[in-house]
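Subject: Structure for your review

Dear colleague,

Please find the structure below, together with its sequence. My notes on what was found in it follow directly after.

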Amino acid sequence: VNSHVAVETWLAEAITLFQNFQESNAAKAPEDLGSMGYNGDHNLFVKGSIRDIAYQDSGLALDFYKSFNTTFHKPQKYFGHLEDLDPEDFFLCDADGLEFSNALRMSDYIRWTGDLGGVTQLPGGTYMARCPNGRFWLAPSCRHNSSECIPLLAAGNGWIVDAMMQWSTVYGFPVAIGIAASWDIFVSNVMNTRSLFYWWMPDATFLQLDPSYIVLPPHS
């Protein structure tokens with residue numbers, strides 16, 4: 001009899017699918033043997049240096065989602081611009097396998113936000129993210145002028161970019177989301193630009209940046 005063991009399994013986006021699989025495939029579903037001793041999470045992060053400058057300068061708390069609403073605040077003044085980034089460091093939005101072209105996730109984006117300006121409808125009726133320059137998706141609050149967008153750096157094939165898009169649209173984040181073309185490029189851009197970025201905890205890659213998790217409203 002062969003036994004298979006999986007450790008550090010991230011089910012954040014698939015927890016309901018996993019529960020449904022367990023119920024419908026009781027003989028095949030893996031058994032949860034409990035915690036490894038820590039919880040994992042992933043989210044949007046801001047560098048400690050940017051966070052501290054904003055708070056000292058104007059009392060703006062960039063580790064809280066409401067501080068990014070441009071109706072009341074100007075968070076862009078503490079960040080860099082798209083022009084600071086090399087476009088070749090980022091995937092084209094229509095590259096194979098990216099979450100930007102995940103039909104189900106983009107359909108959900110339309111369903112929950114109604115933002116038809118943020119997507120392109122393909123001949124088969126499905127949707128993909130609309131990227132005006134081919135490499136960055138622009139949030140509604142800065143879509144009229146990309147120079148007002150804060151770069152938001154994603155990794156992998158666009159891990160949780162659909163959630164980033166929804167947060168940006170619903171909460172008014174003025175961001176331009178791009179997916180780094182490799183892990184090394186992602187790390188380099190996080191280190192060397194004034195951007196928001198995706199990250200997960202626990203992990204030591206960016207500890208020296210003293211980053212803060214951006215607090216968002218709880219959701220189901």
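Asp-162 counts as buried, since its relative accessibility is 13% and the limit for that class is under 20%. This is a predicted model, and the notes that follow should be read with that in mind.

Asp-162 belongs to helix 4. Beyond its neighbours within four places in sequence, Asp-162 is in contact with Arg-105 and Met-106. Helix 4 spans residues 161-171, and its buried residues are Val-161, Asp-162, Ala-163, Met-164, Met-165, Trp-167 and Ser-168. Just after helix 4 comes Gly-172, which takes a positive phi of about 80°.

Arg-105, one of the two contacts of Asp-162, also forms a salt bridge with Glu-99, in which the closest N and O atoms are 2.6 Å apart. The two partners fall into separate accessibility classes: Arg-105 is partly exposed, with a relative accessible area of 28%, whereas Glu-99 is buried, with a relative accessible area of 13%.

The structure holds seven salt bridges. Another of these joins the side chains of Asp-210 and Arg-51, at 2.7 Å from N to O. Because Asp-210 lies in the loop between strand 7 and strand 8 while Arg-51 lies in helix 2, this pair ties together parts that are 159 residues apart in sequence. Asp-210 is partly exposed at 44% relative accessibility, and Arg-51 is buried, with a relative accessible area of 13%. Arg-51 and Asp-210 are linked with Asp-52 in a network of salt bridges.

What else does the side chain of Arg-51 meet in a polar contact? A polar contact of 2.6 Å joins it to the side chain of Ser-212. Ser-212 is found in strand 8, residues 212-213, and is buried, with a relative accessible area of 13%. Apart from residues up to four places away in sequence, Ser-212 touches Leu-44, Phe-45, Val-46, Arg-51 and Asp-63.

Asp-57 lies in helix 2 and Lys-77 in the loop between helix 2 and helix 3, so the pair ties together parts that are 20 residues apart in sequence. Asp-57 counts as partly exposed at 48% relative accessibility, and Lys-77 counts as exposed at 55%.

The loop between helix 2 (48-58) and helix 3 (103-113) also holds Asp-86. Asp-86 is partly exposed, with a relative accessible area of 38%. A polar atom of the side chain of Asp-86 lies 3.0 Å from the backbone nitrogen of Glu-88.

Asn-189 leads on to helix 5 (residues 183-192), whose buried residues are Phe-186, Val-187, Asn-189 and Val-190. Seen down the helix axis, these buried residues fall within an arc of 165°, so they line one face of helix 5. The buried residues of helix 5 pack against strand 5 (150-154) and strand 7 (196-201). On the face turned away from the buried side, helix 5 carries the exposed residues Asp-184 and Asn-192.

Two points remain, concerning the surface and the start of the chain. Val-5, Val-7, Met-36 and Tyr-38 make a nonpolar surface patch of about 430 Å². Of these residues, Tyr-38 lies in the loop between helix 1 (15-24) and strand 1 (41-46) and counts as partly exposed at 33% relative accessibility.

His-4 is placed in the segment before helix 1. His-4 is exposed, with a relative accessible area of 78%. The C-alpha atoms of His-4 and Pro-123 are separated by 42 Å, and the two residues are 119 residues apart along the chain.

With kind regards

Technical notes. Residues numbered from 1 in each chain as written. Predicted model: local features only at pLDDT ≥ 70, side-chain atom pairs only at ≥ 80, totals over all residues. Heavy atoms only, no water. Buried < 20%, exposed > 50% of the residue type's maximum accessible area, 1.4 Å probe, protein only. Helix = DSSP H or I, 4+ residues; strand = E, 2+ residues; numbered from the N terminus. Polar contact = N/O pair within 3.5 Å; in protein donor to acceptor, adjacent residues only side chain to side chain. Contact = heavy atoms within 4.5 Å. Arc of directions from axis to C-beta. Patch = residues over 30% accessible without salt bridge, like charges linked within 9 Å, V, L, I, M, F, W, Y side chains within 5 Å. Areas by Shrake-Rupley, 256 points an atom, 1.4 Å probe, with all protein chains shown as cover. Salt bridge = Lys/Arg side-chain N within 4 Å of Asp/Glu carboxyl O.
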